[in-house]
Amino acid sequence: MNPVAAVMIVAYITSTIAIFNGFATTFTQARIACVAIDAIARQPEARGPITTAMFASLAMAETGGIYGLVVSIIILFPNPILNNFIQYLV
């Protein structure tokens, strides 16, 4: 097998794993919203602090998905590993 092709195969596999992080983020955000709605239903007077905590948690969960997307784009398009590998072969 061509070594460059092997590096590209590994890059595509790791990019796919990084994209699955986005799917996990979706389920995490749904769980955060579900728990917050349940807490507000149990204690309507605590709506303000619960909503604030929910939005802070949603922002933190979203950054994980964004990081996965950025890592996937870096692996697929500029691919610094492949460039270093090609320079090593030449």
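A residue counts as buried when its relative accessible area is under 20%, as exposed when that area is over 50%, and as partly exposed in between. The structure shown here is a predicted model. Ile 19 gives a simple case of how the classes work: its relative accessibility is 36%, so Ile 19 counts as partly exposed. Ile 19 lies in helix H1.

Consider the chain as a whole. Its secondary structure consists of three helices and zero strands, and along the sequence the pattern reads α-α-α. The radius of gyration of the chain is 20 Å, well over the 12 Å that the globule rule gives for 90 residues, so the chain is more spread out than a compact globule. The C-alpha atoms fill a box of roughly 70 × 20 × 10 Å along the principal axes. Of the 90 residues, 19% count as buried. The accessible surface comes to about 6,500 Å², and carbon and sulfur atoms hold 73% of it.

How do the parts of the chain meet? Among the contacts with a separation of 6 or more, 77% are between residues 24 or more positions apart. Val 4 provides an example. This residue is in helix H1, and with a relative accessible area of 23% it falls in the partly exposed class. Leaving aside neighbours within four places in sequence, Val 4 is in contact with Leu 82, Phe 85, Ile 86 and Leu 89. The C-alpha atoms of Val 4 and Asn 83 are separated by 9.7 Å, although these two residues are 79 residues apart along the chain.

Ala 53 and Ile 73 are 20 residues apart in sequence, and their C-alpha atoms are 31 Å apart. Ala 53 has its place in helix H2 and, at 41% relative accessibility, counts as partly exposed. Phe 55 is also found in helix H2. Its C-alpha atom is separated by 18 Å from that of Tyr 67, 12 residues apart from it along the chain. Is Phe 55 buried or exposed? Its relative accessibility is 53%, so Phe 55 counts as exposed.

The largest nonpolar core has five residues, namely Ala 36, Ala 46, Ile 50, Met 54 and Leu 58. Helix H2 gives the largest share of this core, with three residues.

Ser 72 is another residue to look at in helix H2. Its relative accessible area is 4%, under the 20% limit, and therefore Ser 72 is buried. Which residues does Ser 72 touch, not counting those up to four places away in sequence? They are Ser 15, Ala 18 and Ile 19.

Two helices, H1 (3-42) and H2 (47-76), each supply at least two of the patch residues. The most comes from H1, which gives four residues.

Last, there are the charged side chains. How many salt bridges does a search of the whole structure find? The search finds one. This salt bridge joins Arg 42 and Asp 38, whose closest N and O atoms are 3.3 Å apart. Both residues are in helix H1, and because they are four residues apart, about one helical turn separates them. The two partners fall into separate accessibility classes: Arg 42 is exposed, with a relative accessible area of 66%, whereas Asp 38, at 39%, counts as partly exposed.

Note on methods:
Residues numbered from 1 in each chain as written. Predicted model: local features only at pLDDT ≥ 70, side-chain atom pairs only at ≥ 80, totals over all residues. Heavy atoms only, no water. Buried < 20%, exposed > 50% of the residue type's maximum accessible area, 1.4 Å probe, protein only. Core = buried A, V, L, I, M, F, W, Y, C linked by side-chain atoms within 4.5 Å. Rg over C-alpha atoms; globule rule 2.2 N^0.38 Å. Contact = heavy atoms within 4.5 Å. Areas by Shrake-Rupley, 256 points an atom, 1.4 Å probe, with all protein chains shown as cover. Salt bridge = Lys/Arg side-chain N within 4 Å of Asp/Glu carboxyl O.
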